[in-house]
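I set out these notebook entries for a reader new to this structure. Each entry records what I looked up and what I found.

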Amino acid sequence: RKMLVLLKLLVSGFVLIQLSTDSFSRRNWKEKDVLEYSSEDFDSLSKEWEDNDDEKIPPDELPYGHPDRPTRPLDFSKFSLDEPEALVAASQTAKTTMLFVTVSGNPTREETVELSSLWDTGLYNNHIPTHRYVIEDNRVMFTFYEGGLAWEAKDYFVSEDNVEGVELDGKIYPGKYAKKKEDKVEKKEKRKKKIKKDEL
């Protein structure tokens, strides 16, 4: 009989110890420091957010590129066949579009990063959000989640001083000053050749 009482005490003690350690380890995640969170705590936090999220984001306020963001229907009556670029730009709305800019001359990678950063800021200030990636020493890729804005950016880049060319939708648009610079280089080379001939 003493043995049975001792056994009951041991079992109940073991159960109490087990319950206290479980409650300590499963302490409410709200009381824990974020650094102490386990993956289970993060799961319960995420579940609580989803359960208590009464207000869903309206579809038209979802970020560009989100699959649930609605696209505006394209009204072809507003476009003229004389302006095919306007039609293509409108059809790119709500689609991710990439644009490539080639910097004129032989810039270093650091110069290209600095110049493209200025362009990125200029676009941002004109409400054209983009992501910039320097892919070569003289080539930069800009990604637009609202593809129609890429055509506005193309016009901006073409008018820039240090742009040799812009590639968008498989077509290359030369920079406004690129040909003039090439003409100057060709004229200098012709002068050098003429001077060498005169010296001979």
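**Entry: a helix pair.** I began with two helices and noted that α4 passes α5 in a right-handed crossing. A crossing is called left-handed if the near helix is turned anticlockwise from the far one by less than a right angle, and right-handed if clockwise. Helices here are DSSP runs of H or I with at least four residues, strands are runs of E with at least two, and both are numbered from the N terminus.

I then looked up the packing geometry. Two packed helices are described by the angle between their axes and the distance between the axes. Helix α4 covers residues 109-125 and helix α5 residues 148-158; they pack at about 130 degrees, and their axes are 11 Å apart. This angle makes α4 oblique to α5. Axes are lines fitted to C-alpha atoms, for helices over the stretch in contact, and angles run from 0 to 180 degrees between N-to-C directions. Under 35 degrees counts as roughly parallel, over 145 as roughly antiparallel, 65 to 115 as roughly perpendicular, and the rest as oblique.

Which residues of α4 and α5 meet? From α4 I listed Leu118, Trp119, Gly122 and Leu123, and from α5 Ala153, Tyr156 and Phe157. By class, this contact has six nonpolar residues, one polar and no charged ones. Ala, Val, Leu, Ile, Met, Phe, Trp, Tyr, Cys and Pro count as nonpolar, Asp, Glu, Lys and Arg as charged, and the others, Gly among them, as polar. Contact means heavy atoms within 4.5 Å.

**Entry: basis of the values.** I noted that this is a predicted model, in which local features need pLDDT of at least 70, side-chain atom pairs count only at pLDDT 80 or more, and totals for chains, interfaces and linings use all residues. Residues are numbered from 1 along each chain as its sequence is written, and side-chain values use heavy atoms, with hydrogens and water left out.

**Entry: the whole chain.** I counted six helices and five strands in the protein chain. From the N terminus on, their order is α-α-α-β-α-β-β-α-β-β-α. Of the 200 residues, 25% count as buried. Buried means under 20% relative accessible area, exposed over 50%, and partly exposed in between, with a 1.4 Å probe and protein chains only.

**Entry: burial of α5.** Is α5 largely enclosed or open? Eight of its 11 residues are buried, so α5 is largely enclosed by the rest of the structure. The buried residues in α5 are Gly148, Leu149, Ala150, Trp151, Ala153, Lys154, Phe157 and Val158.

**Entry: Val103.** I located Val103 in strand β1, residues 97-103. Val103 is buried, at a relative accessible area of 3%. Beyond its neighbours within four places in sequence, Val103 is in contact with Thr112, Leu115, Trp119, Asn138, Asn162 and Glu164. I also checked Val103 against Asp137: the two are 34 residues apart in sequence and 8.6 Å apart in space, C-alpha to C-alpha.

**Entry: Val113.** I found Val113 in helix α4. Is Val113 buried or partly exposed? At 34% relative accessibility, Val113 counts as partly exposed. Leaving out residues up to four places away in sequence, Val113 touches Arg132 and Val134. Val113 and Arg132 are 19 residues apart in sequence, with 9.4 Å from C-alpha to C-alpha.

**Entry: His131.** I placed His131 in strand β2, residues 131-136. His131 is partly exposed, with a relative accessible area of 37%. Not counting residues up to four places away in sequence, His131 touches Met141, Phe142, Thr143 and Tyr145. His131 and Thr143 are 12 residues apart in sequence and 5.1 Å apart in space, C-alpha to C-alpha.

**Entry: positive phi values.** I looked up His127, in the loop between α4 and β2. His127 has a positive phi of about 60 degrees although it is not a glycine. His127 is exposed, with a relative accessible area of 68%. I then turned to Asp169, in the loop between β4 (163-168) and β5 (171-174). Phi of Asp169 is near 55 degrees, a positive value in a residue other than glycine.
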